[in-house]
Amino acid sequence: MQSSEDNKRLIIYFFYDKDGIADRYIDYMLKALRDISNKMIIVSNGAIKPATRDLFLKYSEDVIVRENKGFDVGAYKEALKYEGWENLTRYYEVVLVNSTVMGPIYPLEEMFSTMDKKTGLDFWGITKHGKIDNDPFHCNPYGYIPEHIQSYFMVLRKKFLEAKEFRKYWDNLPQINSYSESVGKFESFFTKYFGDQGFEYVLYVNNTKEELYTNQYIIEAPVHAIREDKCPFFKKRSFFQNQDYYLEKTMGEQPLELFKYLKNNTNFDTDMVLENIIRTCNQRDLVNNLGLYYVLSSSNLLNEGKTFEKELRIALIIHLYYIDLLYETLHYASAVPAKADIYINTSNEENIPAIKRAFSVLPNKVVVQLVKNRGRDVSSLLIGGAPVVKSYDLVCFYHDKKVKQLQPYSIGRSFSYLAAESALHNGIYVKNIITTFEKNPLLGMLVNLPPHNGPYYDTLGREWGPNFDNTRRLAEQLGLNIAMSPDKAPVISHGSVFWFRTQALVKLFEKKWRYEDFPDEPLASDGTFSHAVERVHSYVAQSAGFYPAYVMPDFLASIQISDFIHYTREFNIIMQSKGIYGSALAKRCQLCQSFEKISVTPKNVFPAPPVGLRRIKLVLKGRLPRIIYIPLLKLKRLILGPRNVSVRIDT
Amino acid sequence: MSLDVKCSEKKRLVIYSFFDKKGIVDRYVGAMLQGLFTVSDRIVIVSNGAIPPQSRSLFKKYTDDIIVRENKGFDIWGYKTAIDTLGWSVLQDYYEVVLMNDTLMGPVYPFEEMFNAMNKRPELDFWGISVHTGISHDFTHCNPYGSLPEHIQSFFMVYRNKFLKSNELKDYWDNLPQLSTYEEAIGKYETFFTKHFADMGFRWDIYIKTPYDGNFSDYYLLKAPRRAIEKDLCPVFKRRSFFHDQDDFLFQTMGEQSLELFNYLRDNTDYDTDMILENLIRTCHQSDFVRTLGLYYVLPEEYLIPAPKTLSLKIALVIHLYYIDLIDETLHCAAAMPLDADIYVNTPHKQSAEKIKESFNILPNNVFVRVIPNRGRDVSSFAVGTADIAKKYDLICFYHDKKGTQTKPYTIGSSFSYLLNKSSLASSQYVQNVIQTFAQNKYLGLLANIPPHNGPYFPTLGCEWGPNFENTRQLHKKLRLKAPISAEKPPICPMGTVFWFRTEAMKKLFDYKWEYEDFPLEPNGIDGTLLHAFERIYSYVVQDAGFYPAYVMPSSLAKIQLVDFTYYIREFNKIFTKHGAQNFFYVEKQILDNLFNSPDCPITMRNALKFTLKRKLSPTVYERLVKIKRAIFH
């Protein structure tokens with residue numbers, strides 16, 4: 001930017017990344033900032049990687065790497081001191097900007113030249129946060145959160161920099177030890193504090209649409225802010241915001257709409273967004289914010305007329321255990337295109353001729369191989385599949401499923417229906433899955449929705465079960481550095497039927513697994529190594545830079561939506577019949593409070609079984625080692641039959 | 001071959017028990033009687049309740065033996081009446097007597113197959129098509145065994161000659177107890193009969209065995225009807241498939257069973273599935289078939305679905321334009337309409353008509369801007385301002401601009417408009433797909449958005465009626481609609497009054513000749529008014545005309561819904577799990593109920609007060625109080 005002496009601009013860019021990695025979006029941002037400034041100081045809270053340093057040095061020699069202390073405000077203070085109060089006043093504008101925003105979408109010249117016309121200002125920002133009557137952070141001296149300029153981007157003008165009040169503020173700023181303090185003492189305090197003293201400030205982006213008056217315009221209506229009010233940035237937070245926050249104020253459509261808008265209507269490379277959030281965010285937030293549920297047609301092709309540069313090499317790997325389900329397995333296998341190769345792993349040598357005969361009707365290359373009967377479908381893929389996966393780009397893993405521990409069997413059959421239909425409904429659907437992988441190069445795996453019928457209902461919310469710790473251990477073993485939390489559900493393939501890009505799971509296959517790594521039969525029903533492996537898949541994909549997602553054929557989406565609305569409605573009806581209205585969040589709070597006061601468990605609801613079998617079972621399960629408990633359970637089932645969950649009758 | 005000859009000698013009598021609230025015989029009953037006609041020598045039809053002449057003449061095609069009796073004692077006393085009328089000596093002339101009722105639909109395969117197969121089992125005394133595997137807890141409290149043992153399902157049972165000649169059977173029917181409740185019918189007859197006679201040494205069996213030695217399901221025919229038909233060649237299916245209790249379905253299945261059945265029948269058999277739809281539309285609650293048939297159309301918005309039918313439908317968009325400042329947004333939505341569609345803009349603002357004309361001029365369509373009285377909002381704009389042009393078109397999309405300024409922050413209402421706009425006019429491809437969906441489903445009458453559920457709209461789910469059941473029922477009566485309506489079952493209504501409909505299906509409403517003066521002057525209440533009754537009546541008008549209403553959304557919206565709903569459920573479940581109360585859905589429901597029934601339950605004073613006031617006060621008084629509260633506290 002051409003600038004005379006009195007039009008100089010200093011940028012203080014605050015950078016923070018847990019791992020000290022600067023993704024492409026930082027590069028893009030720094031480049032844009034350099035173009036409108038004369039000097040840039042980059043401050044990082046916490047160590048940075050050499051590649052990050054190289055990147056920073058491309059744009060500035062003034063790189064400060066400091067201890068991760070004091071949050072953004074601590075970093076700004078250090079940078080201001082680094083430049084020195086005297087030097088600062090030589091600038092026309094000092095810009096404080098941090099790495100929580102992405103952009104720019106429009107050239108920054110537009111914004112700065114507009115703001116240059118407003119000469120009487122002391123400071124300005126892009127967007128504001130509205131007033132909140134109480135102070136959730138308990139740190140703001142005003143006792144509430146006043147309306148304030150959001151601190152991700154704040155510009156301080158020369159006469160403000162010269163004011164002694166400004167210096168006094170920074171000199172008196174106490175040590176900031178928490179996020180709450182940073183908000184209370186800096187972000188939410190700064191604007192009113194100086195505004196009240198007569199300093200003038202404005203916003204670049206003023207919400208022009210009355211219907212969208214909201215506390216955080218940039219989060220709650222980012223597309224409108226960009227399109228109508230020319231906001232040059234959007235918040236990274238848009239893509240990992242808490243779902244309750246969205247659902248209290250919107251239908252949850254904002255992040256998805258933002259992403260679509262960026263992709264279709266701007267030059268901003270949305271892969272930069274994905275790369276960063278895949279690396280740093282919890283996958284559940286990704287799925288929720290980007291709506292990663294692919295609903296694919298079972299009746300017409302997505303890619304009609306379009307061809308992709310490189311044709312993907314595709315394989316179907318089947319773990320075939322139940323020979324009586326052979327024809328069902330064959331039916332689903334016939335959905336893969338003729339050019340795909342089919343590998344069938346079986347642990348029973350006697351079945352091989354029958355399998356070969358049955359599969360000979362398919363035009364595909366079919367390979368039947370013998371695997372050891374230890375570790376079931378999990379080892380079948382990791383050991384049996386390992387030698388072949390690297391020859392393919394895309395693999396569908398399928399295994400036949402029979403749930404015999406639950407009666408009636410239709411419960412388990414519906415589960416296998418869900419898993420199989422979501423992966424291999426028919427030829428057109430499978431082609432659409434392949435196209436989806438082609439069109440989304442960062443898509444790593446596609447899984448079915450969790451089952452929710454009968455005893456599976458609590459799967460939603462109990463995805464981890466007792467498997468969080470073992471999964472995390474496994475993730476550490478595999479050297480994954482990825483966000484995992486017991487509070488956020490993993491995107492797992494319930495039923496172990498899923499599609500994956502081999503590149504995404506390379507880390508899993510590279511490890512030399514042995515059958516002895518897997519638990520022997522009889523397999524405990526939960527908490528084993530195999531259960532951890534099931535849950536680690538999506539994290540392996542994510543750490544390789546790919547995102548996991550759900551997939552289903554269109555008719556299944558209709559059924560699921562119908563089911564989910566039913567569940568939600570029924571809960572609402574009960575609570576509303578007791579006078580508890582309000583949003584989902586409000587109802588959950590009420591439910592929590594009630595649970596804490598009253599202990600209502602299934603035992604209160606159902607009278608205990610006559611001989612207290614259920615109680616005995618619980619006690620035994622708690623006291624006995626698994627190795628004794630499981631055979632006992634099997635013995636019981638052998639004598640008394642499978643678990644018969646009480647059934648209602650209707651004619 | 002000799003077997004076949006013997007077969008034809010074997011005389012068969014069918015006693016068919018019929019019940020319809022209005023005595024109307026739908027096509028599916030005709031198809032069933034036709035199927036029975038070919039395998040029987042005589043059919044006796046017992047109708048519980050009067051039948052109109054046209055029903056009688058339909059029955060006459062198959063038999064002259066029509067017994068019309070009072071609707072008492074269920075199908076069972078219908079059988080008894082037939083048995084008593086014919087007399088045991090007549091019955092004993094037959095090799096087989098079939099007792100069956102109209103809850104079965106079919107046949108999917110010729111009945112010969114089944115009867116031939118069963119003829120190979122001469123040792124049997126009685127047989128049926130399917131069993132219920134029984135349940136240990138006797139919920140009817142009247143089964144003499146104290147439990148509900150495994151039993152042949154009574155909708156189809158066949159007595160063989162030697163059984164007919166037994167004194168035990170005669171005794172049973174002669175001494176049949178009075179059955180006044182549904183529980184008694186199950187406890188004393190259906191679940192009792194099989195074991196009662198089996199214990200006396202009579203042999204019985206069924207044609208369709210429940211897979212895995214009966215372990216597959218308690219009620220195979222209902223829980224996996226497609227499998228029963230496809231794999232076990234079951235010739236019939238239950239009408240109940242399309243309105244059975246959802247919790248019971250979701251206990252065993254993923255909710256897919258009925259849609260799988262319907263699609264299989266439509267795509268792989270000769271059975272005319274229109275017969276199912278006709279009956280459901282005439283007799284069932286709309287919310288029941290919407291959930292069982294998954295009538296949530298998820299349509300692509302970026303490409304066209306295959307179009308086997310060339311479109312010759314005449315289409316219009318009718319816009320009720322109230323907010324002049326939303327004109328660009330409205331125009332943007334209208335631009336999704338195909339070029340040959342006509343666009344009508346109704347607006348109460350006379351002074352803005354020119355401006356609207358100018359703005360809409362950029363569209364290639366024929367645009368008609370009409371000034372209407374400012375009375376009755378979007379509703380009169382529909383009932384009066386659309387009625388006059390409706391008959392020129394096959395399909396109409398009714399749209400009105402919406403500003404949700406009742407709730408703060410306004411993003412809440414804005415998300416509601418997003419839902420409406422996306423569900424009706426997401427893109428031009430989407431609109432084509434909507435039109436194609438109407439073309440391919442001749443019984444589809446109305447497509448609505450799903451209800452909003454964000455923030456304060458969340459209670460809408462489960463509270464679809466709000467204070468509007470009574471006024472909707474009045475309107476239902478006024479329009480002389482016949483579609484079933486119940487306060488317990490939600491309407492499939494287009495919340496927000498933006499929807500697509502087939503004009504033929506809306507005829508009754510338009511023919512009523514509404515005037516603007518029929519609608520109340522402003523200010524209008526925020527709930528419980530005639531306007532709100534209208535919002536909920538559309539789907540009933542459609543159903544009354546023989547069409548079904550359904551939900552629709554573009555696939556991007558389906559993604560958001562899946563996120564939202566899995567989120568709601570997951571978060572609820574997490575709380576249950578945290579307190580060790582995670583369980584099946586219907587158990588969690590009971591827990592929830594118990595929890596809030598407990599006297600210790602900390603329901604907030606605010607909630608309790610609000611609830612009591614809402615229940616005790618008249619809607620107008622309550623509404624005023626709410627307004628005062630809002631004025632004070634915002």
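Modeller: What follows goes from chain A to the interface, then to the cores and the surface. Keep in mind that this is a predicted model.

Colleague: Fine. How many helices and strands are in chain A?

Modeller: Chain A has 28 helices and 21 strands. Its C-alpha trace spans about 85 × 60 × 45 Å along the principal axes.

Colleague: And what share of chain A is buried?

Modeller: Of the 651 residues in chain A, 62% are buried. Chain A exposes about 25900 Å², with carbon and sulfur atoms supplying 51% of that.

Colleague: On to the interface. What area is buried between chain A and chain B?

Modeller: About 11200 Å², and carbon and sulfur atoms give 65% of it. In residues, 113 of chain A are in contact with 116 of chain B.

Colleague: How many salt bridges between the two chains?

Modeller: The count is 5. A:Glu257 forms a salt bridge with B:Lys422, and their closest N and O atoms are 4.0 Å apart.

Colleague: Now the inside. Which residues have the most contacts within the largest nonpolar core?

Modeller: That core has 322 residues, and those with the most contacts inside it include A:Phe153, A:Trp499, B:Phe156 and B:Trp500. Helix H25 of chain B, residues 555–578, gives the most to this core, with 12 residues.

Colleague: Last topic, the surface. Which residues form the nonpolar patch there?

Modeller: A:Leu620, A:Ile627, A:Ile628, A:Leu632, A:Leu635, A:Leu638 and A:Ile639, with about 720 Å² of accessible area together. Helix H28 of chain A, residues 626–640, contributes the largest share, 6 residues.

Colleague: Take A:Ile639 then. Buried or exposed?

Modeller: A:Ile639 lies in helix H28 of chain A. It counts as exposed because its relative accessible area is 62%, and the cut-off for exposed is over 50%.

How values were computed:
Residues are numbered from 1 along each chain as its sequence is written. Chains are lettered from A and ligands numbered from 1 in the order in which they are written. This is a predicted model: local features need pLDDT of at least 70, side-chain atom pairs count only at pLDDT 80 or more; totals for chains, interfaces and linings use all residues. Side-chain values use heavy atoms; hydrogens and water are left out. A nonpolar core is a set of buried Ala, Val, Leu, Ile, Met, Phe, Trp, Tyr and Cys residues joined through side-chain atoms within 4.5 Å. Buried means under 20% relative accessible area, exposed over 50%, partly exposed in between (1.4 Å probe, protein chains only). Helices (H or I, at least four residues) and strands (E, at least two) are DSSP runs, numbered from the N terminus. Patches are made of residues with over 30% relative accessible area and no salt bridge: like charges are joined within 9 Å, nonpolar side chains (Val, Leu, Ile, Met, Phe, Trp, Tyr) within 5 Å. Accessible areas come from the Shrake-Rupley method with a 1.4 Å probe; for residues, only the protein chains shown count as cover. A salt bridge is a side-chain nitrogen of Lys or Arg within 4 Å of a carboxyl oxygen of Asp or Glu. Contact means heavy atoms within 4.5 Å. Buried area is the accessible area (1.4 Å probe) that two parts lose on being put together, summed over both.
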